[in-house]
Amino acid sequence: MARQLKPISGALGAVAGSFVVAAVLLAFVGIGLRAKVTSGLGPAEWQAIRFTVVQAALSALISVVFAVPLARALARRQMPFRQGLVTLLGAPFILPVIVAVLGLLAVFGRNGWVNTGLEALGLPAVSIYGLHGVVLAHVFFNLPLASRLLLQGWQSIPAERFRLAAQLDLPPRMVFRSLEAPMLWRILPGAAMLIFVICLTSFAVALTLGGGPRATTIELAIYQAFRFDFDLAKAAWLSVIQLVLVGTAALIALWIIPQIPLSGGMDRMVKRWDARGGLQRLGDGVMIVAGASFLLLPLLSVTLSGLSGITQVPASVWQSALVSLWVAALSVCVLLLLALPLSGWITTRPRGSAEAIGLLGLSASPLMIGTGWFILINPVADPVSLSLPVTAVVNAMMALPFALRILVPALRDALDSHGRLCLTLGLQGWNAWRWVLLPRALPQIGFAVGLTGALSIGDLGVIALFADPDRTTLPLQMYRLMGAYQTEAAAGAALILLAMALAIFWVCDKGGRWYAQA
Amino acid sequence: MLKLEGVRIQQGSFSLTADLAVEKGRKVAVIGPSGAGKSTLLGAVGGFVDVVAGRVACGGQDITDARPGARPVAMLFQDNNLFPHLSIRQNVGLGLRSNLRLSARDAQQVQAAIARVGLDGMEERRPAALSGGQQSRAALARVLVQDKPLLLLDEPFAALGPALRAEMLALVGDLVAETGATLLMVTHAPEDVARIADDVIFVDAGRADAPVLAAALMANPPPALRAYLG
């Protein structure tokens with residue numbers, strides 16, 4: 001008679017979990033209704049599969065290869081702005097993809113800073129479109145993620161080991177072999193796999209920098225089948241291919257992906273006695289400057305050109321900014337309705353189980369879910385009129401895995417410390433949430449809400465499928481301005497979008513922490 | 001008042017049996033070596049530890065399977081007796097209404113309890129702004145408004161210094177005398193037994209003995225207790 005001694009029950013969480021599963025399953029049903037297996041794998045499909053896998057593999061490889069020296073430099077050098085730089089590594093997570101793409105275009109594009117420099121030196125220009133550009137943008141987003149994972153790995157090496165190495169006066173090569181290499185072997189495969197999976201489903205980057213038969217990902221092919229040909233059967237069939245590909249990769253990844261460090265704990269410095277040589281100092285310095293420039297220059301250019309373009313933005317940009325704000329707010333509400341009961345449910349179960357439900361949203365790609373729902377909605381209602389709510393729900397589901405990873409540990413802590421007291425006072429269900437769990441987890445709730453809001457406001461994914469010509473979100477509006485060569489207006493829109501994403505994140509994150517202290 | 005009839009607790013290879021009764025209004029110390037199961041015994045009464053056999057009754061009511069909040073029991077743990085994010089007033093108020101919707105009369109009662117333990121004027125502070133002794137007083141104020149016939153203390157004052165602990169025990173003694181509650185408290189210190197306890201339950205070798213008059217027992221301890229007291 002093992003009674004479940006928890007002040008909260010998992011009933012609502014099970015409902016929320018079923019909703020997520022049902023939402024994904026419904027998309028499968030929609031796809032299944034239209035997909036014709038007879039269409040088989042033509043040369044175009046094979047081309048898309050090959051490109052998707054190749055760009056994802058290259059992006060993962062390059063990201064981790066450069067992340068190793070960058071993370072090592074950050075782990076062993078004490079310097080001004082180090083904390084700022086580590087924080088900056090978290091920024092791409094909430095950075096709207098289309099804004100980053102605009103910044104990368106300004107630096108690496110045809111008339112960008114790099115090509116201008118190359119031209120001055122009499123060297124041939126590099127093109128940012130196609131495979132180069134897609135990989136470059138993916139590295140821009142994932143090099144920081146890989147660096148954070150590795151930095152965490154470096155910090156997991158106990159300080160005593162470095163003291164021991166100093167005691168034994170081990171040369172740098174031996175320090176690397178005995179302390180750092182084992183950690184790298186532990187973390188690198190998982191980090192690379194995680195980035196590989198993320199890049200498999202990336203859409204906005206391929207939309208803006210890819211295209212053409214040689215540089216089309218499956219996700220982009222779904223979009224093209226949808227928007228250009230309105231061939232639902234083809235879109236559905238491509239979705240099946242995408243599902244098999246990403247599902248397989250995600251299943252493999254599930255076993256080796258390391259914990260994603262989402263916040264905190266990165267400011268600790270381990271005192272090091274090795275790596276004092278001039279060459280190593282120089283190498284670390286170069287790595288840090290290069291890494292910081294790679295991340296900062298595109299953002300700087302977005303800010304500069306945005307400031308000059310902001311006067312040029314048409315009224316439609318401000319309208320879509322409002323629409324985006326509305327979508328983000330709705331997304332946050334949906335997320336809280338799903339994530340709070342779900343994390344409560346997960347908390348009442350044995351460690352480790354049930355989190356898989358959150359990952360379901362991630363391995364099912366947004367365009368795939370969008371395609372499935374479109375097929376189901378189409379005969380019943382006008383999908384375009386539902387574009388905003390659908391976008392908000394899909395965005396919430398994409399943010400769900402991250403939100404669960406943030407919320408569950410906080411709720412576990414609260415229950416471990418105060419569960420007994422709740423029980424003897426008879427604080428149960430809503431009262432336990434209201435007076436104990438929510439207040440205790442407020443900083444984490446603020447963080448999750450900020451993350452979701454920022455991800456949602458910057459999302460250019462499923463909205464592109466359902467797009468309403470008149471009412472649309474800011475990222476899509478910005479993409480349209482770019483497509484119409486209204487460069488200045490697009491730059492202004494990019495600055496607005498960047499400011500909104502950062503502001504939402506900052507306000508929610510700080511707000512949660514401030515309120516918890518007050 | 002409290003009856004444990006043929007109770008057996010099993011936690012892995014650890015087991016504890018208890019067959020005893022405590023009369024109403026008595027102040028009972030639970031003593032015994034570390035790991036003997038003192039806290040486990042209190043946990044079984046409070047509803048946090050399952051009993052595999054036997055029956056727990058309180059005031060004639062079978063509470064063997066009742067959830068902790070539904071038992072006629074107030075309990076203080078070794079730590080985490082207050083919610084750190086709530087004010088003292090809210091912490092005490094939760095003992096009265098678990099939704100914290102306090103009527104004017106409730107609020108008055110909360111105020112009176114806070115005043116009774118000597119925390120007048122500190123109602124709006126959070127626990128972190130109080131000293132260790134004041135935090136214990138706040139927890140006792142909540143026990144007061146909970147107004148349960150049985151009070152369980154699982155060494156809530158263990159972190160306090162000797163003088164402060166004596167002060168808290170004196171306060172506990174006064175409070176249970178006023179409310180007529182029965183007290184069951186775990187302790188390590190023989191001087192605590194002398195100071196407050198009427199009876200002693202000795203827990204050792206997987207068994208909780210029936211309560212014995214404290215003065216008589218401490219004057220002439222049986223061999224096992226003598227070995228523990230040293």
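Visitor: In which sense do strand E1 and strand E2 of chain B pair, and over how many bridges?
Guide: This is a predicted model. Strand E1 of chain B covers residues 2-11 and strand E2 of chain B covers residues 14-22. Leu4(B) stands opposite Leu20(B) in E2(B). The two strands pair in the antiparallel sense, over eight bridges.

Visitor: Which residue in the turn between E1(B) and E2(B) has a positive phi?
Guide: E1(B) and E2(B) form a hairpin, with two residues between them. In that turn, a positive phi of about 65° belongs to Gly12(B).

Visitor: What is the bridge partner of Glu5(B) in E4(B)?
Guide: E1(B) also pairs with strand E4 (residues 53-58) of chain B, in the antiparallel sense and over five bridges. Within E4(B), the bridge partner of Glu5(B) is Arg55(B).

Visitor: What radius of gyration does chain B have, against that of a compact globule?
Guide: The C-alpha trace of chain B spans about 50 × 40 × 30 Å along its principal axes. For 230 residues, a compact globule would have a radius of gyration near 17 Å. Chain B agrees with this, at 18 Å.

Visitor: What share of the contacts in chain B with a separation of 6 or more comes from residues 24 or more positions apart?
Guide: The secondary structure of chain B comes to eight helices and 11 strands. Of its 230 residues, 42% count as buried. Among contacts in chain B with a separation of 6 or more, the share from residues 24 or more positions apart is 66%.

Visitor: How many residues on the side of chain B that touches chain A are nonpolar?
Guide: The contact involves 19 residues of chain B and 20 residues of chain A. On the chain B side, one residue is charged and eight are polar. The nonpolar residues there number 10.

Visitor: Which element of chain A has the lowest mean pLDDT?
Guide: Chain A has a mean pLDDT of 86, and 92% of its residues reach 70 or more. Among its elements, helix H17 (residues 430-457) of chain A has the highest mean, 94. The lowest, 61, belongs to helix H14 (residues 356-363) of chain A.

Visitor: How far apart are the centres of domain 1 and domain 2 of chain A?
Guide: The domain assignment of chain A gives domain 1 as 1-34 + 313-518 and domain 2 as 35-310. Taken over C-alpha atoms, the centres of the two domains of chain A are separated by 24 Å.

Visitor: Which element gives the largest share of the side of domain 1 of chain A that touches domain 2 of chain A?
Guide: The contact takes 39 residues from domain 1 of chain A and 38 residues from domain 2 of chain A. Elements giving two or more residues to the domain 1 side include helix H1 (11-34), helix H16 (387-425) and helix H20 (487-517) of chain A. The largest share, 11 residues, comes from H20(A).

Visitor: What is the C-alpha to C-alpha distance between Ser320(A) and Gln477(A)?
Guide: Leaving aside residues up to four places away in sequence, Ser320(A) touches Thr472(A), Thr473(A), Leu474(A) and Gln477(A). Ser320(A) and Gln477(A) are 157 residues apart in sequence. In space, C-alpha to C-alpha, they are apart by 6.9 Å.

Conventions:
Residues are numbered from 1 along each chain as its sequence is written. Chains are lettered from A and ligands numbered from 1 in the order in which they are written. This is a predicted model: local features need pLDDT of at least 70, side-chain atom pairs count only at pLDDT 80 or more; totals for chains, interfaces and linings use all residues. Two residues are in contact if their C-beta atoms, placed from the backbone, lie within 7 Å. Ala, Val, Leu, Ile, Met, Phe, Trp, Tyr, Cys and Pro count as nonpolar, Asp, Glu, Lys and Arg as charged, and the others, Gly among them, as polar. pLDDT is the predictor's confidence in each residue, from 0 to 100. Helices (H or I, at least four residues) and strands (E, at least two) are DSSP runs, numbered from the N terminus. Domain bounds come from an automatic or database domain assignment. The radius of gyration is taken over C-alpha atoms; the globule rule is 2.2 Å times the number of residues to the power 0.38. A residue is buried if 20 or more other C-beta atoms lie within 10 Å of its own, exposed if 12 or fewer, and partly exposed in between; C-beta atoms are placed from the backbone. Two strands pair if DSSP finds at least two bridges between them.
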